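Hi everyone, thanks for making the time this morning.

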Amino acid sequence: MSRHVCVTAVDGHTGYAIMELLLTNETFRNSVDSVTGLSLQPHGETCKQLTKLGANVVAHEPGRLSKMVDSIKAIGADTLCLIPPAREDKLDLALELIDAAKKANIPNVCFISSAGCDLAERNKQPRLREFIDLEKLVLSSKGEPSTSTGHSPVVIRAGFYAENLLLYSQQAQEEGVLPIPIGSNHKFAPIALGDVAQVAAYVLSGKGKHGFSDQHRGQLIVLTGPMLATGDELASAASKALGQELRYEDISESEAKRVLRSQSASDNSEQQYLLEYYSLVREGKTNYISTTAFHDITNSHPQEPEDFFKVYAEEFRMKRLPKKRKTGGRT
């Protein structure tokens with residue numbers, strides 16, 4: 001049974017991580033006949049690296065629906081990993097990709113969504129809530145007689161990526177603090193990007209008589225990290241991993257916006273997405289973990305926060321210890 005996978009938004013972190021696993025991990029590589037990436041920046045450094053690994057990279061030209069359909073048909077894709085691009089026009093681009101998948105009759109579609117989208121309110125967290133609209137369109141294809149798309153669907157709701165914490169590495173290195181606007185009482189469970197990519201790779205390479213493996217087909221998979229943590233508990237895990245103290249600092253949303261604008265290379269829509277997720281934490285809507293699917297699919301355990309901070313120790317470790325303050329000053 002052949003498997004030809006097309007992954008969208010491979011110039012982003014999620015798409016690249018999934019592509020890299022499919023191309024380099026022996027388990028997945030032996031189960032997939034070809035891997036093609038759709039990219040909005042096909043000549044960028046990320047896509048050059050994927051090409052060196054053996055990927056075929058095709059340009060995703062927004063507004064050229066017929067050309068996209070022709071491209072998907074030309075590569076013979078029977079499986080699509082649909083990742084909404086991290087851009088201001090994410091919704092429009094994702095809608096176009098869903099439409100292209102239908103017209104190209106791709107039977108196996110794995111949609112990468114967001115944990116918490118079902119708890120988001122449209123007037124408070126619109127960037128999160130729009131994932132619900134996209135999920136609905138992906139899943140509604142199953143009942144349409146004009147296309148085979150949606151015959152074998154999977155939705156993966158990925159939680160807050162732990163790698164987002166790298167946005168605050170400057171404060172960690174210079175001040176020994178982790179400044180996040182999540183309040184002091186409620187918790188969340190960051191998940192490593194590599195864990196999300198691993199689950200997606202298992203789904204995309206899994207085979208059954210109806211397309212995807214029967215273990216995965218039709219599943220709504222919610223992924224979070226294995227540890228519920230307040231800001232203080234997250235900082236404590238980091239301190240153990242780094243061998244030096246890292247403190248949590250609860251900051252206001254306006255300060256969080258300023259930090260993101262000055263330290264994040266992502267566009268305004270992705271910064272808004274992060275701020276909306278933080279607001280979910282403050283509302284107590286992220287006080288849960290969901291790791292059962294990860295265990296069932298990978299037969300392994302997701303990365304613990306302490307291990308995450310060990311991997312990125314150089315990014316968070318203070319470059320020099322702060323000097324002791326002289327007495328008489330403000331403490």
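This is a predicted model, and its mean pLDDT is 90, with 94% of the residues at 70 or more. Where do the helices and strands sit within that? Helix α8, residues 193–205, has the highest confidence, with a mean of 98. The lowest is in helix α4, residues 65–74, with a mean of 86.

Now please look at residues 323–331. Over that stretch pLDDT stays under 50, and the model has one contact there beyond four places in sequence. Where pLDDT is low, the predicted coordinates should not be read in detail.

On to the charges. Side chains of opposite charge can pair when their charged atoms come close. How many salt bridges does a search of the whole structure find? The count is 18. Let me show you a few.

Start with R3 and D78, whose side chains meet in a salt bridge at 3.7 Å, N to O. This pair links distant parts of the chain: R3 is in the segment before β1, D78 is in the loop between α4 and β4, and the two are 75 residues apart. Are these residues buried or exposed? R3 counts as buried, because its relative accessibility is 2%. D78 has a relative accessible area of 15%, so D78 is buried too.

Next, K90 and E270. Their salt bridge has an N to O distance of 3.1 Å. K90 is at 3% relative accessibility, so K90 counts as buried. E270, at 15%, is buried as well.

Staying in helix α5, which residues make a local pair? D99 forms a salt bridge with K103, and the closest N and O atoms are 3.1 Å apart. Because D99 and K103 are four residues apart in helix α5, about one helical turn separates them. How accessible are they? D99 counts as partly exposed because its relative accessibility is 27%. K103 is at 44%, so K103 is partly exposed too.

One last stop, and this one goes beyond a single pair. E121, K124, E283 and K285 are linked in a network of salt bridges.

Key. Residues numbered from 1 in each chain as written. Predicted model: local features only at pLDDT ≥ 70, side-chain atom pairs only at ≥ 80, totals over all residues. Heavy atoms only, no water. pLDDT = per-residue confidence, 0-100. Contact = heavy atoms within 4.5 Å. Salt bridge = Lys/Arg side-chain N within 4 Å of Asp/Glu carboxyl O. Buried < 20%, exposed > 50% of the residue type's maximum accessible area, 1.4 Å probe, protein only.
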